[in-house]
Amino acid sequence: MTPGTRLLLTALTRPETVAERSLEELDLLVRVARMASLEARLCHLLRDHGVLDTLPDGPRRHLEAAAMVSDRQQDMARWEVAQIHRALYPRGIPVVVLKGAAYVLAGLPCARGRLFTDVDILVPRGALHDTERALFANGWVNQTQDAYDQSYYRRWMHELPPLTHVMRKSTLDVHHTILPPTARLKPDAGRLLADAVPISGVDDLYVLAPVDMVLHSATHLFHDGELEHGLRDLTDLDDLLRHFGQDPDFWPALVARARQMDLIRPLYYGLRYTQAFLSTPIPGTVVEELSDAGPTTPLRPLMDILFHRGLAPHHWCCDDALSGVARWLLYVRSHYLRMPLHLLIPHLVRKAIRKRLQEDSKRTAPVLPRP
Amino acid sequence: MQAGTDIQTLSRILGTTGAVIEIGPFLVRLRSRLDSVAAAVGLHYEHQLRAPDTPFCDFHVRLDRPGGLRRWWKPQARFYLDETSPFKPLPLNQAFPLFEWGLNWCIAQRGHRFLMVHSAVVERDGRALILPGAPGSGKSTLCAALSLSGWRLLSDEFALVELDTGRITPLPRPVSLKNAAIGIIRDRYPGAVLGPETHDTTKGTVAHLKPSADAVERAGDPAEPAWIVFPEFQAGAADRLEPVSRGQALLQLADSAFNYSVLGGRGFEAGAALVENCQSFRLTYGDLNASLKLLNSLAEPRS
């Protein structure tokens, strides 16, 4: 583990130590936390531990600015969800809110300081067509112009192409399950919907049951996602485990559900790396029960090498000589897990060529953000 | 390293640890191996350079040529913020304007202890004149002319309104002049120090006016806002100053603030206090002499 990664992890697990950091160390800590999208979260953590106000103005102001942005994003996420609900409720479509917005609506500890860019929802597969039409009627449009991308999402993915609201420019991902149908693991979305927990006071609006929320978080991180926000997602998982894990019945239910849903491997990784990075308290019996769920010897140390780098903040000071290769291998792995090779290879070749052609057209010239 | 550093020393520092530049409430660590950047920093920021071993900086910026073919073919400059590259590269000769534009973006992303209004600000006798305006409104020309004729430059791009006190924090930086304004200012104020002209940018030709030594020295002195004037350039129009209601002024301020929505209720309160404490006007601006006269009359003691 590089000193930059350690600096951030120590701040997250033992916030009180931040009070003793030199100004040079705080300079680096703020930058690493920013790159990991954990700046606002660190701000809340330091405030809770009475450390924030002891910090010099420079670093403190950056953390506070990030917390303000995150507070506002959460207000906006609540508003977005209310609008989505207003569009879908009259059609009788139940909505399960996922990830960041779900943590905010359920009032979970990991919502504090969580930065996010889009809202994710899950609807029954049979209601997908109706959902898209109802959302369209309310201003959410599909901005994927490219015919290949359209068919790629619709044929192979577990979600619609991302929708953007015409007025607010907010992004919405509509899922019908939590992994692509082509993925190696086959969780049953019907069970997720059946056990979803209603958000109090609102009809037909839900979040996933605690065990499913944890499994989704672990699956997204270790079986599907790109790891750009890896450490942020790992701290979500750590928070969920600490919060739900206070109930002793949670742990056996979690393991049983993981087996039932074919998600035991992502759970294994999730517990292994939250413990390694964030010292998450996990009962010994659970670790023991999962001992056969991980990869066997040649693969296990290799995955450790990869994930220890892939999950570190993507900041130059957290990188070592292997980081680039590790990230690339994890990227390849995530695609390999998503699709069988005969689908994957043509897809990646197409993506690579297009990426070359579009390299810089995605970026904009430095104009001030429109007020 | 302080004022008077020669250009070789500055180039060496820019190419190694980076030079630390104090710009009002922000510290920027800038690294670059580009000669044009060293020359521009030496010219515009010579009195704002701080010790290279300053432990904390707000922004870590690097301006360099991207690698690959572009090293030889139509060379470019790229803006790196903490080694990430948020913008398109620009032609190499636009490196310094790219730094200035990129820095605007950095400040707008992070300066949430202020209500940040897209605006030029000048001060006289402790009272600030705020000139909010979109590009093309003429705010930079007015700001440059005022700052060269008895007003202190607080900022060309941002009115930084302190949330607790309502005062305006100075952000002394070079004033970015575009196209015809460059010649107008050069002719009118022979003592004005302007950097080289950069042609063919997205905004046309750009040249930067160096802030006065006084504006830089007094970067720590905030000013009480007194007037808000919304300039509107209309070629050939008769210059006039018309009062604007407080409600209208607040709506326009909110519209030109970078972080009004981030601040939520506090942004509204800061904006409301600002229009409460200021007289607000709309300036139809056709002739620089006439408009300067109108603006100067605001600050004349009433008889």
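How many residue pairs are in polar contact between chain B and chain A? I counted 11, both residues of each pair being at pLDDT 80 or more. A polar contact here is a pair of N or O atoms within 3.5 Å; within protein, one must be able to donate a hydrogen and the other to accept it, and residues adjacent in sequence count only if both atoms are side-chain atoms.

Conventions. I am working on a predicted model, in which local features need pLDDT of at least 70, side-chain atom pairs count only at pLDDT 80 or more, and totals for chains, interfaces and linings use all residues. Residues are numbered from 1 along each chain as its sequence is written, chains are lettered from A and ligands numbered from 1 in the order in which they are written, and side-chain values use heavy atoms, with hydrogens and water left out.

Entry 1, chain B against chain A. I found 36 residues of chain B and 30 residues of chain A in the contact (heavy atoms within 4.5 Å). The two chains bury about 2900 Å² between them, with 62% of it on carbon and sulfur atoms; buried area is the accessible area (1.4 Å probe) that two parts lose on being put together, summed over both. B:Phe56, B:Asp82 and B:Arg110 supply 24% of what chain B buries against chain A, more than any other three residues.

I then looked up salt bridges (a side-chain nitrogen of Lys or Arg within 4 Å of a carboxyl oxygen of Asp or Glu). There are two between chain B and chain A. On the side of chain B that touches chain A, the elements giving two or more residues are β4 (59-64), α3 (95-110) and α8 (260-263) of chain B; helices (H or I, at least four residues) and strands (E, at least two) are DSSP runs, numbered from the N terminus. α3(B) gives the most to that side, seven residues.

The assignment, automatic or from a database, gives domain 1 (7-110) and domain 2 (114-298). In contact are 20 residues of domain 1 and 26 residues of domain 2, and the two domains bury about 2000 Å² between them, 67% of it on carbon and sulfur atoms.

Two salt bridges cross this interface. I noted a salt bridge between the side chains of B:Glu46 and B:Lys210, at 2.6 Å, N to O. On the domain 1 side, α2 (35-44) and α3 of chain B are the elements that give two or more residues, and α3(B) gives the most, with eight.
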